[in-house]
Amino acid sequence: MQLSGLGYFGLRTRHIDRWRTFAEEALGLSAQTTEDGLRLRADDRAWRIALHEADAEEFGYAGWEVPGPAELAAAAAELTEAGIDVTYADEELLRKRDVLGLFHVKDPNGVQVEIFYGARTAITPFVSPTGARFVTGEQGLGHVVFSVDDYAATLRFYTELLGFRLSDFCDLGRKRIAFLHTNPRHHSLAFAGLIIEPERKPRKDVEPGELFHFMLEVDDLDTVGYAYDRCLDGAAPVALTLGRHSNDKMLSFYAITPSGFEIEYGHGAITVADPWTATRVDGTSLWGHRRPPKPAAPAAPPAAPAQEGATA
C-alpha cells in the first residue's frame, strides 16, 4: 500500500466559535461554517481540518490519501486479507468528507483511519487572513501525533499494513516516539508509547488514541515569528517557546488550541527520500521548546497604616 500523505483530519469540540477565532487570527487559516460546525482551509483544497460540534473535546478521524480508485480497492483488499475489518463509506459520509471514495478502519488504539481518494479542489484561491502560506502539496497536510497503548502493535499496523516508512525514533525515559513518513515530509504521523515497564502506567498521560498535537508548516520564518507574537499578545496561550527539533530540524513553537491539545507551528523542516536510514535521538529538541514561566503571583497589597490612637 502506498499512501500519498495526510489529507485531512477531524475534531469534535464544544468550542466552535473559539476555534474560528483561533484558526483565523492565530494560525492564518480560513474558516467556513458547515451544517455541524466548521471547516478550515490551508491551500487549494476545499478543506483540510473539520471541527464538528459536540459535547466533548475529542480527536475524530485522520484521512490518508491514495492516488485513485484502483489504489483504494487494492488497499482495502490488502487489509481485508490481513484480517482487518474494512467499512466502506456510504453516500452521506462521502458527501460530508467531500471525496469520491473512502473506507475506514480502526488502528490498535481505536483511532478512525480513513483511506480516501478524490478530494475536492476549490475553484476560489485560498486567502489567509494573516498572509500565511502553508507547505502542503506533495507533502500533504502537516502531521499528527498520538499517544498509544501498545507501541509494538501500533508500529506493526502502520508500517506493515498501511505502508508507512520509518524516519527515526526518539527516546524519552520510559517512552519512545516513532516518526513515520509516506512522502518527502519528514513525518506525517508520530506516536508515543511506553517501551520500558509498559504495564506501569504514568500518573498523568494522554489517553491512547488521543492527540498530543498537530503540526502546520509555513513557507517563511517570519510567518512563524508573527504568529508567535500574536500568541504572546493573547491570540492563544503559548505551550512551548520557539525552538528547533533534533530530528526534522523544524523551527517552531507550540500553542494551546481551544480543545486543550497543542499545535506546532513551524518552518524549515528537512525532507526525506527513500531509501532512508532510521536513527534514534535522545531528546526532541536541539534548543528551545521550553515551557513558558508561570506568571508571578501578584504582590500582596501594603498593610494599611495604623490609625492614631488605635489599640491592639
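User: What should I keep in mind about the numbering and the model?
Analyst: Residues are numbered from 1 along each chain as its sequence is written, and side-chain values use heavy atoms, leaving out hydrogens and water. As the model is predicted, local features need pLDDT of at least 70 and side-chain atom pairs count only at pLDDT 80 or more, while totals for chains, interfaces and linings use all residues.

User: Why is histidine 289 called buried?
Analyst: Buried means under 20% relative accessible area, exposed over 50%, and partly exposed in between (1.4 Å probe, protein chains only). Histidine 289 has 10%, so the word buried applies. This residue lies in the segment after β18 and has a positive phi of about 55 degrees, although it is not a glycine.

User: And why is lysine 249 called partly exposed?
Analyst: Its relative accessible area is 29%, so lysine 249 counts as partly exposed. You will find lysine 249 in the loop between β14 and β15, with a positive phi near 65 degrees.

User: What makes β14 and β18 a pair?
Analyst: Two strands pair if DSSP finds at least two bridges between them; strands are DSSP runs of E with at least two residues, and helices are runs of H or I with at least four, numbered from the N terminus. Three bridges join β14 (residues 238-245) to β18, and the two run antiparallel. Glycine 243 stands opposite glycine 288 in β18.
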